[in-house]
Amino acid sequence: MTTTETKLNSPKEKNTADQSQANADKSATRKLSTDAVHAGEARQKPGDAITDPVFCASTYTFADSQSIIDFIEQGQVREEYGRYGNPGEKVVEAKLAALEGAEEGLLYASGMAAIVGVFMSVLNAGDEVIFFDECYHRSREFCYKHLARFGVTTHQVKTGDFDAMADAINENTRLLVSESPTNPHLSVIDLEKFANLGKKYQIDSMIDATLATPFNLRPIEFGVDYVAHSATKYLGGHNDLLAGVVLGSREKLAPVRNLRGVTGGINHPHSMYLLSRGLKTFELRMQRHNANGQAVAEFLESHPRVERVYYPGLESHRDHAIAKSQMHGFGGLVTFLIKDADWRATADVVDRVKIARIAPSLGGVESLIEQPLLMSYYEAAPEDRQRWGIYDNMIRMSCGIENTGDLIEDLNQALGS
Amino acid sequence: MKFRTRAIHVGNAPDKETGAVVQPIHMASTFVMPAAGEPTGYDYSRSGNPTRTAVEVTIAELEEGCAALALASGMSATHAAMLLLESGDHVLAGTDIYGGTYRLLHNILNRSGVAVTLADSTELAKFEAAIRPETKMIWIESPGNPLMSVTDIAAVAEIAKKHGVLLGVDNTLASPVLTRPLTLGADIVMHSATKYLSGHSDVLGGALVVKDQELFDRLYFGVNATGAVMSPMSCFLTTRGIKTLELRVLEQSRTTMKLAEFLVEHPLVAKVNYPGLAIHPGHEIAKRQMTGGFGAMLSFELDGNFEQAKKLVESTKLFQLAVSLGAVESLIEQPASMSHASYAAEDRAAHGISDGLVRLSVGLEHVDDLKNDLEKAIAIATGESKVS
């Protein structure tokens with residue numbers, strides 16, 4: 001049902017005896033589909049329409065001067081100006097919050113705008129931020145190139161090394177950041193440790209859970225303060241919108257909301273409508289992404305031309321145990337290395353793929369494939385790439401929701417013998 | 001490639017100029033010609049539009065036809081098919097058809113001198129006997145609406161062939177996921193794309209699909225002349241919806257099967273119409289011509305009167321009271337007062353649409369939530385307080 005508080009905000013059940021069973025039970029009782037369709041939406045909508053209208057208005061009218069005074073003095077909840085809010089934005093924010101088990105959500109123009117929104121509202125000159133080093137390269141770039149200009153110091157430590165993260169903490173540390181799973185290595189962070197480290201030192205923690213989505217992982221249940229997503233990916237799901245979202249408690253989001261109203265990295269009414277529409281099939285799509293990701297990863301692992309597969313659903317993955325204990329599924333992203341291949345031989349594999357299209361991004365219904373070296377790290381120094389684990393023979397595939405056999409057959413012909 | 005993969009990729013090649021993985025929405029009403037009278041493939045949007053071509057190619061592919069037309073609504077699609085007829089021609093249609101089709105046949109086509117007979121298409125001998133020398137078109141729905149009757153499409157196609165009559169099938173309720181009438185011998189497949197194809201209650205659209213180019217050319221001539229084409233935004237949203245078509249229809253069918261089983265056992269439900277139930281008269285045919293499920297529509301008769309059925313449809317919290325069907329949101333309605341109100345009262349009675357009949361369009365919500373909702377509403381409507 002649409003009352004999310006009772007169903008989705010329930011604290012995570014601790015069951016150390018048999019965590020996988022607990023996860024199975026949790027998934028059995030989850031009814032994300034009903035929330036995906038209805039949460040955040042009024043039962044009776046404007047014009048009695050079954051779907052919410054797209055409000056393109058940039059501004060909202062007041063009946064008279066007294067209404068403005070009442071609005072300000074009584075703190076009335078209503079629209080004022082498009083940068084501060086939009087009825088469609090409220091719908092999709094509430095829907096995302098329900099799915100995430102968060103009090104509130106804040107929608108942005110893109111995933112980067114969402115992450116930057118948190119950075120810029122939590123951090124001041126002199127503050128420090130620590131993040132695990134496997135991450136989206138633009139997040140790293142923002143910290144080192146831009147936050148640095150505002151007097152914020154960034155430390156990156158090896159992914160999953162909590163001792164190193166603890167060592168890097170000092171009295172100026174204000175924010176701990178990680179992705180989980182990380183991109184493109186799909187390392188999975190122990191979120192309980194991560195959140196507890198923040199709590200111990202009273203430092204805010206943020207997880208970019210774009211690759212997991214709330215279908216597979218809900219970091220707030222582990223005590224994480226801010227959850228960020230590039231909603232362009234699985235949440236929108238159709239490769240046809242740009243959006244970002246930050247979720248958390250009302251209190252934690254208050255300064256972030258304020259800054260968004262000032263700086264204005266807001267989403268567009270048409271995009272928020274498409275996002276809300278995309279979320280209606282969220283559960284079905286995620287089931288397919290998970291199934292395709294797992295099957296493709298298993299196929300690749302058994303293929304003689306593949307040196308290594310990074311996928312948290314594989315027992316061979318370093319973080320498989322923690323992934324199994326805290327995730328419901330492992331998503332559609334699969335990263336792998338071609339055996340004895342230089343960059344060109346690797347590119348040849350990518351070029352032979354017929355179904356997945358060569359493009360950056362991930363999480364849409366259409367499968368996408370890319371070679372990180374060319375797509376994201378072409379201009380990076382070789383020693384940096386080595387340090388970040390971006391190898392010449394690495395391929396990243398975002399499995400869409402196509403037929404599993406079709407995807408495997410296609411990869412098989414692309415790999416050759 | 002399998003259905004699901006084709007639904008995502010066929011008709012949706014990345015944009016040639018920009019590489020955009022999702023094609024642009026061409027809002028243009030007209031297209032510039034390099035030289036007078038030498039269009040580059042598109043000239044005026046009523047005659048053709050790249051965004052519309054994309055969705056037409058996808059729909060044709062999924063119905064295993066050679067070409068498709070995307071129209072402004074399901075009714076404009078049916079109307080476009082009927083434009084093949086001339087004064088003096090006769091249409092034989094099934095009895096369990098959409099109310100709007102009934103109205104088109106009886107109150108619009110009659111003005112053009114086209115005669116209509118309705119006959120039960122599940123009774124093949126009687127149905128065939130209704131064919132006249134001037135019959136030019138047979139029009140059926142399977143499953144039918146709202147009684148979920150199942151017509152043997154292949155058998156009717158044989159009859160149509162024998163008499164040299166075109167067979168049109170309104171495949172809206174089954175969708176190409178479950179049934180592909182062209183492969184069973186039908187000549188024309190019609191869809192209200194408003195329903196499962198777009199699937200999100202935010203598009204009005206229709207489609208016609210054929211397997212014969214000459215027939216397509218005749219249909220295209222009619223559509224281009226009369227102009228009820230699908231808008232570019234609706235084409236885009238339909239294309240987007242089709243990418244999850246198979247997931248939605250299979251999941252919605254699974255949920256509907258469970259609801260049908262629940263309702264059959266309910267003491268206050270007199271009858272359940274769902275082809276997935278073994279007790280349904282068309283179950284054996286449905287098993288043959290529907291693959292993967294039996295659809296996400298069902299109707300049932302409340303053990304009660306008009307007022308009680310009205311109360312029921314007004315009492316659900318999750319099922320919303322609205323006509324239409326086939327979307328992610330579950331809907332409920334009373335055919336006698338809503339979708340089939342355009343039938344004459346005596347025809348309604350003759351065709352088994354009782355006052356206590358309730359029709360469900362099952363969406364993507366969780367089956368337990370939907371079951372609870374129905375159980376409570378039945379209790380409220382019948383004054384029965386026992387709610388388990």
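## Close-up views of a predicted two-chain model

View 1. Helices (H or I, at least four residues) and strands (E, at least two) are DSSP runs, numbered from the N terminus, and two residues are in contact if their C-beta atoms, placed from the backbone, lie within 7 Å. Axes are lines fitted to C-alpha atoms, for helices over the stretch in contact, and angles run from 0 to 180 degrees between N-to-C directions. Residues are numbered from 1 along each chain as its sequence is written, while chains are lettered from A, and ligands numbered from 1, in the order in which they are written. Local features need pLDDT of at least 70 and side-chain atom pairs count only at pLDDT 80 or more, whereas totals for chains, interfaces and linings use all residues.

**View 2. The open sheet of chain A has 7 strands.** Their order is β1-β7-β6-β5-β4-β2-β3, with mixed pairing, where two strands pair if DSSP finds at least two bridges between them. β1 (104-108) and β3 (153-157) are the edge strands, each pairing on one side only, and the twist from one strand to the next averages 20 degrees. β1(A) and strand β7 (residues 244-248) of chain A run antiparallel and are joined by 5 bridges; Glu104(A) stands opposite Gly248(A) in β7(A).

**View 3. Helices α13(A) and α10(B) cross between the chains.** The axes of α13 (residues 282-302) of chain A and α10 (residues 245-264) of chain B come within 10 Å and cross at roughly 110 degrees, so the two helices are roughly perpendicular to each other (angles of 65 to 115 degrees, as against under 35 for roughly parallel, over 145 for roughly antiparallel and the rest for oblique). Leu284(A), Arg285(A) and Arg288(A) meet Leu247(B), Arg248(B) and Glu251(B) here, and the residues of this contact divide into 2 nonpolar, no polar and 4 charged. In this classification Ala, Val, Leu, Ile, Met, Phe, Trp, Tyr, Cys and Pro count as nonpolar, Asp, Glu, Lys and Arg as charged, and the others, Gly among them, as polar.

**View 4. Chain A meets chain B through 27 of its residues.** These are in contact with 28 residues of chain B, and α3 (32-38), α13 and α18 (404-415) of chain A each supply at least two residues of the side that touches chain B. By class, that side of chain A has 8 nonpolar, 9 polar and 10 charged residues.

**View 5. Met148(B) and Ser324(B) have positive phi.** Phi of Met148(B), in the loop between β4 and α6 of chain B, is near 60 degrees, and the residue is buried, with 27 other C-beta atoms within 10 Å. Phi of Ser324(B) is near 80 degrees, and this residue, in the loop between β10 (320-321) and β11 (331-333) of chain B, is partly exposed, with 17 such atoms within 10 Å. A residue is buried if 20 or more other C-beta atoms, placed from the backbone, lie within 10 Å of its own, exposed if 12 or fewer, and partly exposed in between.
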